[in-house]
Amino acid sequence: MGESPYTVTTMPAARRPGCPFDPPAELIDARRHGPISRFTFPGGKPGWLITGYDLVRSVLADSRFSSRKELMLHPTIDYGDIEIPPAPPGEFLLMDEPQHSRYRKPLMGKFTVRRMRLLTERVEQITTEHLDAMEQAGPPADLVTAFAKPIPAVMICELLGVPYEDRGSFQEQVDSFMDGETSDEDLVAAYTATQDYLARLVAAKRANPTDDVLGDLADTDLTDEELKGISLILLAAGLDTTANMLALGTFALLRNPGQLAALRAEPALADRAVEELLRYLSVAKTFMRTALEDVELGGQTVKAGSRVILSYHTANRDPERFTDPHTLDLHRQEGGHLAFGHGIHQCLGQQLARVEMRVAFPALVNRFPTLRLAVPAEEVALRPETADIHGVKSLPVTWDV
Ligand code: HEM
């Protein structure tokens, strides 16, 4: 039995005003006391919070920890004794092997480094179109709606084969279940509308297969329900994550003018800059796992059935892994961040996200050499901590014309 661990009683939420890039102070504090803390879930159930890099990584690589939806507890919401159903067919993020691989395997060849590099030219075109539109409309602009959301949206929809004219309404629905502040009633409505839309889309692909990821999958033995689940997970992940990285990443660059100047001055820095922004911001901030058997972790016994919260953000700010971890340093040499996770669930779309960010960040900062916030940093509205993906609701920016 190890030493008595530090205890965290609720998921820390408050971020420092004007600097929403650091994890909440209590989370950094918990890591300082050791990589694993006891945690009390809303409703009083006990569990664990893991904040240290090595332990987070080892849990992610350990098949004794499950991602199954029906075993999860929410870190901030008390659902009482409601029984959570298993993930619907196709939603493989929340499944273990062998079900997980059944869905992930047919997709892997479609998101390789090589395939995504081939898309660079298309990303450049889309980025240029959006920068042109921003420039023509003139300052000020909301960077979220003018730039950060539409670029990943166009890419994931084109890749999957979602018709252009359906994108707007579909994106609104996905936004409402990712923004962390939609009422339960509206959530159900958005979810139903999305399911209906995906059912129609899958039927259309079956009837008339197109040359895209869904068109290809429609030609396999996956059922309609499975195809709907896969589409939902790809679209939700593909729309929300990169968009939040682009907006919050721009905010972080604007707050670190020396780093912004380096990115403008050194085109070759783009790859490394993207990795550092991923590490520093860790927009996919926490994920859950459940122990399937008793496991010794950091001197503690995590009992079978215990829920574990993994803080990817504090892991990526662990001073035992990264030098001066709370500093944004685009020249940083240390790799190995966990912003895309690790192990069997490591992000399937990471190469797509990388291509988008490597093109979009430099293009934006070079197009607008005088880009700056149009409001004081403290007034930039953040997404609430209940949102799974961290970010800003809007980012008012301006520039000299
Ligand atoms: C910067 C942008 C992104 C970030 C930070 C990110 C982050 C993550 C993380 C942390 C996980 C692992 C979850 C876990 O450990 O349980 C994950 C999984 C996943 N991501 Fe991403 N993601 C990004 C972009 C994308 C894009 C563009 C796509 C679209 C294709 C995508 C599709 C997925 C899928 C399908 C999974 C589930 C993989 C599995 O369970 O095997 N992601 N992502």
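Two strands are taken to pair if DSSP finds at least two bridges between them. Strands (E, at least two residues) and helices (H or I, at least four) are DSSP runs, numbered from the N terminus. The structure is a predicted model, in which local features need pLDDT of at least 70 and side-chain atom pairs count only at pLDDT 80 or more, while totals for chains, interfaces and linings use all residues. Residues are numbered from 1 along each chain as its sequence is written, and side-chain values use heavy atoms, with hydrogens and water left out.

Strands β2 and β3 (residues 46-50) run antiparallel and are joined by five bridges. T40 has P46 of β3 as its bridge partner. Five residues lie between the strands of this hairpin, where G43 takes a positive phi near 95 degrees. Strand β2 (residues 36-40) also pairs with β1 (residues 7-8), in the parallel sense, over two bridges.

Polar contacts are pairs of N or O atoms within 3.5 Å. A side-chain N or O atom of H100 is 2.6 Å from a ligand oxygen. For H345, a polar side-chain atom lies 2.6 Å from an oxygen atom of the ligand. I344 uses a backbone N or O atom, 3.5 Å from a ligand oxygen.

Note on methods. Polar contact = N/O pair within 3.5 Å; in protein donor to acceptor, adjacent residues only side chain to side chain.
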